[in-house]
Amino acid sequence: MVIMEISIVPIGTKTASLSKYVADVVNILKEEKGINYTLTSMGTIIEAVSIKKLFEIAEKMHNEVFKKNIKRVVTTIKIDDRKDKDNTIESKIKSVEEKLK
């Protein structure tokens, strides 16, 4: 699995609150097949079988914000793509938790 963290920030909104825009882009994820995602307070983490799928999803999420009459959107993406072993959101968290014991 390939893991991507994505944060999408609309610029020039009428209020400081962005939660309605976040909800709109998370709704896109609900419709996607073959992915797993976790919403966090600072972004969304998505895992998929290919980097191509993640880029397709990122583009959909990024463009969704423009449909809300926003003129500028800043999207930040981080990708973790391992070829030496399975990589999942859950396995990454478990690895750290095991080391905390």
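Predicted model: local features only at pLDDT ≥ 70, side-chain atom pairs only at ≥ 80, totals over all residues.
Residues are numbered from 1 along each chain as its sequence is written. Local features need pLDDT of at least 70, and side-chain atom pairs count only at pLDDT 80 or more.

The sheet is open and has four strands in the order β2-β3-β1-β4, with antiparallel pairing. Strands are DSSP runs of E with at least two residues, helices are runs of H or I with at least four, and both are numbered from the N terminus. Two strands pair if DSSP finds at least two bridges between them. β2 (36-39) and β4 (72-81) are the edge strands, each with a single partner, so one side of each has no neighbour in the sheet.

Strand β1 (residues 2-11) is joined to the antiparallel β4 by ten bridges, and serine 7 stands opposite threonine 76 in β4. β2 and β3 form a hairpin with four residues between them. Four bridges join this antiparallel pair, with leucine 39 opposite threonine 44 in β3.

Which residues of α2 are buried? Leu54, Ile57, Ala58, Met61, Glu64 and Val65 are buried in α2, where buried means under 20% relative accessible area and exposed over 50%, with partly exposed in between (1.4 Å probe, protein chains only). Seen down the axis of α2, the buried residues fall within an arc of 125°, so they line one face of the helix; the arc is that of the directions from the helix axis to the C-beta atoms. The face turned away from the buried side of α2 carries the exposed residues Lys52 and Glu59.

Key: Heavy atoms only, no water.
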